[in-house]
Amino acid sequence: MIFLLGCIPQTFFQTVTVTGQIQAEGSGPLLAEVHHARGAETGTLAYTGGYLETLSPEEDGSFSLTLTVPTDEGSGLAVYAWQDSDGDGLLCGLEEDNELAGAATTETLDFEMSLEVWLTEPCAGAEVAIAMALESAQP
Amino acid sequence: MIALLASLAHAQPTAALDAGFPWSQLSATLPLTERLSLAAQYRTALLVRHLPAAGLDALLIDQKWLLIGHLRAGWLLQTGTLDSSGPTAAARLTLERSGRVFPTASAGVRGIGLLSQTVTVTADDTTTLTDLTPALSILGTLGVGWQTTEQVRLDVRLTIDQVEIPGFSIPGIGAGITYRGLP
């Protein structure tokens, strides 16, 4: 019976408080999301990102959010952000083709984390921006 | 299990092996009275879904047609990507005709309490919440038995052993051999 009870499927979560600052030089609303830095798949199926929650940054770009992260579904943490320069709600829609985006990543998961996001990449979606941030963070 | 049951009236222990796709089963009964037996079984689907259980078999009607009731309590253990685990309880009726070659049919239901745990780690502590989600499976068989000797019986059958309502499970096929009496 103890063996059988030991086989109950488990799902693991960790609470994380992520704070930080989005550094943007342009004007317009800032939109941001929290992702896993890497998805759970490995090898040829590996991917970056993995949406967790939407952030609501202050006008000055600062943010703070406590969220519960499913640790089985990915590793690390990333904050992805972009600036909606033309206010159409679309990243690089028809009216604006150089809205800036960026991401900050960490490979580990701590209970409290601080990240600074620089918006430098035009039209980069979350997966691309997170991949670039991971690559630039490598030694 | 169907293969075991004609022997109840004769109040002798039985052992049976059923092999098929996807279900296979090892089972045994031990008579308590002429109409009531203890039963134990290990049932598996391709060695991925395991269902050990024990309970009672009761001979309800013993005429030209036999009607046998089965009650089981056990555990579900499924490994692999869709791992699951939890207690089970099943009730089933088997109808079969007396004779050397005879039709058999059974129908029943199995309730499963699917257990799962959510482990949340915070800076201060770790909490574990256990959930139990009820699930129901429809059980059924349709087959033919052949009493080859007084001790040995052979069966072939179609089997429905649903994973969970409302999902559809493709019927399985199987063949079994039952030995009745003391070795």
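Trainee: Is Cys123(A) buried, partly exposed or exposed?
Mentor: Buried means under 20% relative accessible area, exposed over 50%, and partly exposed in between (1.4 Å probe, protein chains only). Cys123(A) has 32% relative accessibility, so it counts as partly exposed. Cys7(A), with a relative accessible area of 25%, is partly exposed too.
Mentor: Keep in mind that this is a predicted model, where local features need pLDDT of at least 70, side-chain atom pairs count only at pLDDT 80 or more, and totals for chains, interfaces and linings use all residues. Residues are numbered from 1 along each chain as its sequence is written, chains are lettered from A and ligands numbered from 1 in the order in which they are written, and side-chain values use heavy atoms, leaving out hydrogens and water.

Trainee: Which residue does a disulfide join to Cys92(A)?
Mentor: A disulfide is a covalent bond between the sulfur atoms of two cysteines; the cut-off is a pair of cysteine sulfur atoms within 2.5 Å. Here Cys92(A) is joined to Cys123(A), S to S 1.9 Å. Cys92(A) sits in the loop between strand 7 (77-83) and strand 8 (100-106) of chain A, and Cys123(A) in the loop between strand 10 (121-122) and helix 2 (126-137), so the pair links distant parts of the chain, 31 residues apart. Helices (H or I, at least four residues) and strands (E, at least two) are DSSP runs, numbered from the N terminus.

Trainee: What is the handedness of that link?
Mentor: The link of Cys92(A) and Cys123(A) is left-handed, with -95° about the S-S bond.

Trainee: And how many helices and strands does chain B have?
Mentor: Chain B has zero helices and 10 strands.
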